[in-house]
Amino acid sequence: MENMTTQRPKTCPPLLPTLFLGAVLFLPGTVQAGTGLAFVSNEKSDTLSVIDPKKQEVVREIETSGRPRAMRFSTAGDQLLVACGDDDVIDVIDLKTLEVVDQIPTGPSPEAFAFSADGKSIFVSNEEDSMLEVIDIEEKIVVHDIPTGAEPEGVIVSEDGKTVYVTSEVADMVHVIDPVGGFVTKNIIVGTRPRRFALTPDGKELWVTAELSGEVYVIDRATNETKEVITFLPPGMRPEQVTPVDLSISQDGKTAFVTLGRANHVAFVDVASRKIEDYVLVGRRAWGLDVTSDETTLYVTNGLSDDVTVVDIKGRKPLKSIPVGRVPYTILIDD
Amino acid sequence: MTLGYLELADDTRYEARRAYARIGLKTRARPFAGAELGIVDAAMIAGAVDTELGLKRITSKEASDLIGAIKQALTENDIHYFLVDLPTEAVSQVVAGTQGLDVLLFNISEGANTLREAQCAAHLIHIYPSLRMQTDALAQYLRIRAWDKVLLLAGPSKADTAYAEGFRASAKRYALKIVEDRPFVMSNDPRERGKNNVALLTGTNSDYDVIVLADQDGEFSRYVPFATNRPRPVMGGAGLDAATWHWTFERFGAPQLNSRFLRANDGRHMAGPDWAAWVAVKSIVQARVRGGSAEFKDLSAYLRGKSMRIDGFKGVALNLRPWNNQLRQPILLATHNAVISTAPVEGFLHQVNDLDTLGVDQKENTCTFP
């Protein structure tokens, strides 16, 4: 479970009783139960490492196209899509067979992507030509090419599908985009080298990491302006070592988990007060993260120690580090 | 906001290096291309504060003409910030001729240590790293590998002498032992063979771990590897060298910057001065945007201040040393086609900022601004 737009689509809002939710899940044509596996993209091995969380070890490697990076589940939940930057494609993996079954061509060096609200389009950030591409999934054609600042990375879609946000790493900006019209409606200047996003479950705040200024910017979605900036400093670290990259907000909207890059820690942040409650030691260059849907465990990918650290959320401590492929980028849990 | 770019028409640093029989060695292309890419990359963030960027290239035969051009650009075109691609003497002349003006000069290609020391100036900013930073980077690497016995071979030019002096200071800082310190010359004269024959030059009584070459034009150094008396790695003019930037640098988004440059320049690789020009443009725009003011006094104060953060694609936010206006930055240690290590090498720490383990630190500083 990553952020609001990548969860298995909930057919009813979280507030409804579980019994009703369970009944809906078994209707034909709706979501199937997840495999329970965790997928790690390895930039330099050109593979995905598949971890079985019950065994806490890698049980399979899937070969992908060159330089796999960001991943998402398809809207139906039966496929895993991964952007492969060196081959300019999004590989589509069947979650039953764990093999690549299809490819969607993209522009040069796709890094991250997100689905439109209707699930028919993908918004892809193309690092090399500074574009956000809108691709019709079925036709596999580019519907829009929206110019961004240099090196777009994080892509997130609002819950109503009407707004797409993209970071530009070089322009230090968040672009606010109208996906239907295909243009930028506003630019929000944030910290140095903004990377990735998370939305609060109520949709009111957009959180974005600024890697080189060591900050998280909190953007008020009503005004699309920055309302607060959070800085991090694990004990014993210097500010220049803190390079936040990825983040995830708990389903109840109370806690944010932020990976701190070369500070080798994950921060636990109280969303309401913005207070940093804890720093948990993980591996070297903590970038990607994902949380199990029962929110007991957090997984972090460590790009410079080629492993994944398993963190106990309640106890706020690391449990184990699992070796994966070369330069793991991020992790996605299918549960 | 238009930025100025100053260069000399017959800058000897850019002569296509031709060895005997017109064999072309390194041809150094002008770093103006780096400034152009900087303008493109910074356009969007400048646009966010309603600022359009421009670049005015000024090429003259004499440094004295450049001084006149700066004054004219300042009064007629309101240009305050000038990228400077000039050799040491020309930099000093232009600096002297622009004292008291509301200008900032950004040194993008000259590493001479004296410009950061005796010939420093408050309105002279160094984006390009000093030679001292470069030799410190080599010395750190030697220290951490425990290859600490060095044979130093120095060429006859002024630039070679300056480099060798810098390396001796670096060797002292990092407790390396220079077992022998010998001059070399480019010559075939058998009477001078002790200075021009590689096997003889590198035959010593005491053993050494590595040979360091102070050879700024590289013509002699290229014949040293594998011709030495003892089988030893070569650093400096050949083999492993300190680099401001490298075309194969894999980390921190470097490939993206390199490929943008490559595409815009017909397959020419981005070199150190190109990178420095690009960073200079970005720094000025960042100071404008983050400092919140277009006024020269405010912008230049912010640029030189503590809050300044420049993303130079070297993995850490960069800013200027207040004691000599030198941009703090990591230095790459590279061969012709790979980055072997980066400095500060892991393990070297500093009380305030680890980047200050490279170059002249505050307590050794001899530069004073009025």
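This is a predicted model: local features need pLDDT of at least 70, side-chain atom pairs count only at pLDDT 80 or more; totals for chains, interfaces and linings use all residues.
# Why is it called that?

Me: Why is helix 4 of chain B called largely enclosed?
Reply: Count the buried residues. There are 12 of them among the 15 residues of the helix, so the rest of the structure largely encloses helix 4 of chain B.

Me: What does the span of helix 5 of chain B look like beside the expected one?
Reply: Helix 5 covers residues 158–173 of chain B, 16 in number. From first C-alpha to last it reaches 23 Å. The expected value is 22 Å, so the span is close to it. B:Ala175 follows this helix, and its phi is positive, near 55°.

Me: What do the buried residues of helix 5 of chain B pack against?
Reply: They pack against helix 4 (131–145), strand 6 (149–154), strand 7 (177–183) and strand 8 (210–214) of chain B. Among the buried residues are B:Tyr163, B:Gly166 and B:Phe167.

Me: How do you know that the radius of gyration of chain B agrees with that of a compact globule?
Reply: Set the value against the rule. A compact globule of 370 residues would have a radius of gyration near 21 Å. Chain B has 21 Å, so it agrees. Its C-alpha atoms fill a box of roughly 65 × 45 × 40 Å along the principal axes. Of its residues, 47% count as buried.

Me: Why is A:Asp252 called exposed?
Reply: A:Asp252 has 10, so it is exposed. Its place is the loop between strand 20 (247–249) and strand 21 (255–259) of chain A. A:Pro201 is 51 residues away along the chain, yet the two C-alpha atoms are separated by 7.2 Å.

Me: Why is A:Ser130 called buried?
Reply: Buried needs 20 or more other C-beta atoms within 10 Å. A:Ser130 has 25, so it counts as buried. This residue lies in the loop between strand 9 (121–126) and strand 10 (131–136) of chain A.

Me: What makes A:Arg285 count as buried?
Reply: The cut-off is 20. A:Arg285 has 21 C-beta neighbours inside 10 Å, so it is buried. It sits in the loop between strand 23 (276–281) and strand 24 (286–291) of chain A.

Me: What makes strand 12 and strand 15 of chain A edge strands?
Reply: Start with the sheet. It is open, has 4 strands in the order 12-13-14-15, and pairs them antiparallel. Strand 12 (152–157) and strand 15 (183–189) of chain A each pair on one side only, and that makes them the edges. The twist averages 25° from one strand to the next. Strand 14 (173–178) pairs with strand 15 of chain A over 6 bridges.

How values were computed: Residues are numbered from 1 along each chain as its sequence is written. Chains are lettered from A and ligands numbered from 1 in the order in which they are written. Helices (H or I, at least four residues) and strands (E, at least two) are DSSP runs, numbered from the N terminus. The expected span of a helix is 1.5 Å times one less than its number of residues. Two residues are in contact if their C-beta atoms, placed from the backbone, lie within 7 Å. The radius of gyration is taken over C-alpha atoms; the globule rule is 2.2 Å times the number of residues to the power 0.38. Two strands pair if DSSP finds at least two bridges between them. Axes are lines fitted to C-alpha atoms, for helices over the stretch in contact, and angles run from 0 to 180 degrees between N-to-C directions.
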